[in-house]
Amino acid sequence: MDLWSTEPLRKTSNTMRSNGRTRLAKGLRLWTLIGLLCLSASVAFIYLGHHTLSYGTTERVPLDAAALINRCRSLRLTPGPPSDFYARNQSDRFQQGTHSVLIRNATIWTGELDGKEVLLGDVFLDRGIIQIVQASTSSHMAEGDSTVIDAQGAWLTPGIIDMHSHLSVESSPGLSGAQDGNSIKGPVVPWLRALDALNTHDEGFLHAISGGVTTSLILPGSLNAIGGQGYVMKMRPTKERSPTSMLLEPPYGLNGSDPDPNVPPRWLHMKHACGENPRNYGDTRMDTVWAVRNAYNTARAIKDAQDDYCAKATSGDWASIRNQKFPESLQWDAMVEILRGRVKVQTHCYEALDIDNFVRISNEFQFSVAAFHHAHEAYLVPDVLKRAYKNVPAVAMFSTFSRYKREAYRHSEFAPRLLAKEGIDVVMKSDHPAIVSRNLVHEAAVAHYYGLPEHIALASVISTPAKVLGLDHRIGFIAEGYDADVVLWDSHPLALGATPTQVFIDGIPQLPNAHVAPKPAEHQRAPSTPDFSHEAAVTLKYDGLPPLTPKRKEGVVVFTNVTKFWQADASQDDVVDVFGGHHPGDPGVVAVERGRVVCAGSHSVCASRLAPADAEVVDLQGGAVQPGLTSYGSSLGLAEIALESSTGDGRVNDPLEPNQSALLGLGGYLAKAADGLQFGTRDAWLAYRSGVTLSVTSPLHDGWLSGLSVAFTPGAPHRLAQGAVVRDVVALHCTLGHGDPGPSVSTKIAVLRRLLTERVEGELGGWFQQVANGSIPLVVDVGSADIIASLISLKKEVEQKAGSTMKLTIASASEAHLIADELADAGVGVIVTPPRSYPYTWDEHRILPGPPLSSDSLIGHLLKHNVTVGLGPHGIAAPSHPDAAHMAVWSTRNLRFDAGEAMLDAGSGVLSKSKALALASVNVERLLGLEFDPEDRDLVATIGGDLLDFGGKVAAVISPRQGVVDIFV
């Protein structure tokens, strides 16, 4: 919904916020005056009492009595900005030498009016502050010496705020010497501080900025029930180059000086965790809850002692506390501050029982909870949230990242909209590097796709986290007096692939050479998303586990109002638009019987197919029919819950490990993923309902060798059903990476050389001989360009000796751009996963990140160099790491959006929609050695759009393999 504002509305909004600031300032000044009067009275009392007592008794008043009383009175102050905050004309974070900036003609999402205010106007940044916000109907501001940017109507928002990140405490690239996210010293460690682990050399900072993130709450990890203190920091580097200089409103006294007792304190943040993670200490939930209660009881005893001490001090009863010091504990002070309402409690809790437990603790010890994080089942228990002490906690969540462990099993993509409907603040967060912080705005976009209203979705990564962090007086809005943290976008921030063209932090531009990939005109407005009201209601009805099986139709199904019909061509080299010449005024029709297209064309051409009484008609409302997507890069079909071993196939033995069983045969064995397939998993159904009609999955492994992959249909009911197993053996798979378990990379390549060039007896040797003679592909998950180069050399060596062409495919391929020409010359294709590269490990530290940090994306660069490219889903790491595929299962459902985003990132003219569809279908199949007659390929019908945008909703799968049409609407 676009709400365009006029200048009078802007003035009204400014007046409202200005009046609010005035009331705040007046209120703070009044309380300051009252405090000073009380202090004067107290000092006078002490002075008179001292003189009285000194003549009549032997009692003595402490020399530091005034300081003690000040300290006691300061305990009642609540955090907030100082009374003169809005009188500032320069930010406390201003960097000398920063030029002022005037952004003209922007479409400004201000964050005002509950996120519904949008202005066309100008914004002036100076001295680290937003000095002027002015509607374009006003006269233009004088430019002076400012840097002037003509936004030409582009969207301008406040900086994105990531309210749950481990950036810089869990390093990128991941190096053991910088992994400081979790303490292993015990379940309760509130005295630890994330600040003490912040690594300013982390490469994640620049990547976060490239996604528009300007501020993050950096939290300790979640292995501890109480894990320590989090800190809010700005993403920009500082001249000082220290972590301390990057903090936003750090607590007074952090540098060792004594804070002014008359100034309101600043917010602290404390990380808690419930449920499964604290079980790493061998604790049950009962143990964890007791440990937390005991910690709060310890803090309450200290607080009560402080209050008792202060009551006597302020009443002049010095005799009762003679020779006593003010009760305090360096270890427990932060917990005491929680009970005084001066710490934001940020709690990692997934399930209803854990949320209920923590709400009960909050009431028992009377402290507020700022937010429940992850909170996968929060949408099922809104009334429990509303019972929390004094404050209804916000919920900071993922859009679709789920089912990786038991407590995440009931998560729903509809959770954000359902919570918002209950009036609960929704925050989308990254949990970086689980979801790379750069992609945080995409989390909001996906939540919007599933029904979170536009203004709430934008607020969920901007103004709402600012409020929850207690920083909405300076960040989260474009308003006069606020920090100059703004982002200029190449499209509407909720549009697929939205990318900053410039990011300002404290008024300083962070992208000196931003690369811009042109976006379609329709991306300048918020996507028109499908209606999922029915699905959301059914989700609640079934406690988060709604039935996912489709309505299966073997007879005639006719799809009407079809705008596009893409299908693989006969050569399978591309995807073509069958309706390419179809007149848009004559709606297209696709008729299907027993899962096969029997007519495609105009309504008049296929009219006879509409005649049967039992024909089912599905109106696609201008939507499309396109090839089903093929997934590679996850372990879809091998486990229901990734981290619950009892729900999965398990991991294969590594033949390089010693003490192999004689039962494995001479030279070892190769596992077949087909033997461990599980059908009907929720992730498989969700992928199928999102357009993935074929998955190629290799066996789970911890080491070098995976085994033989299988191609199967995610929507099949069981292995013996028609079309369930499409190919029993697809390819042979292994993984190579520096730092992986087992012997060296060079040792593993030496083993590959022997297996491929010499006759090795046994099952293992037999399969590798099939690779050597080109019968099946060898697929190697690898990120490092150096290892890829060694594999290219090995391929040439094998081909020279065998006299035949070896089929080698590189998956992951994060550094493949460095040897793109060599890949093309060697006839080696790549399956890029994740689609947007990130330096997860050292093997990926030389990536091509794509716009705005580089002109080319990895996929675009490879295509320009004539490399055959396929695409895999964006999980939580590259599959060049053995366990990554296991944790990527949930992301398979988002492959459609990954392909659409890859198309946009590649730049103008590199990828058409048909070629982007091929990227995630026929290209993947070709690289894995799968060849199908186009008439035997599954198709997907979408309502209102296609698979590559936020407008399309999957209505059905047309499956000649299964001989049916599966209908979801």
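Confidence comes first. This is a predicted model. The mean pLDDT of the chain is 91. Of its residues, 92% reach 70 or more. Two stretches need care. Residues 1–16 have a pLDDT below 50. Beyond near neighbours in sequence, that stretch has 29 contacts in the model. Then look at residues 18–56. There, too, pLDDT stays under 50. The model gives residues 18–56 27 contacts beyond four places in sequence.

Let's zoom in on one pair. Strand E7 covers residues 213–218, and strand E8 covers residues 226–234. The two run antiparallel, and four bridges join them. Take threonine 215: its bridge partner in E8 is lysine 234.

Last, two helices. H15 spans residues 745–757, and H16 spans residues 762–772. Their axes come within 7 Å. How do they cross? At roughly 80 degrees. An angle of 65 to 115 degrees counts as roughly perpendicular, so that is what H15 and H16 are to each other.

Who makes the contact? From H15, it is Leu752, Leu755 and Leu756. From H16, it is Leu764, Gly765, Phe768, Gln769, Val771 and Ala772. By class, the contact of H15 with H16 has seven nonpolar residues, two polar and no charged ones.

Key:
Residues numbered from 1 in each chain as written. Predicted model: local features only at pLDDT ≥ 70, side-chain atom pairs only at ≥ 80, totals over all residues. Heavy atoms only, no water. pLDDT = per-residue confidence, 0-100. Contact = heavy atoms within 4.5 Å. Pairing = 2+ DSSP bridges. Axes fitted to C-alpha atoms, helices over the stretch in contact; angles between N-to-C directions. Parallel < 35°, antiparallel > 145°, perpendicular 65-115°, else oblique. Nonpolar A, V, L, I, M, F, W, Y, C, P; charged D, E, K, R; others polar.
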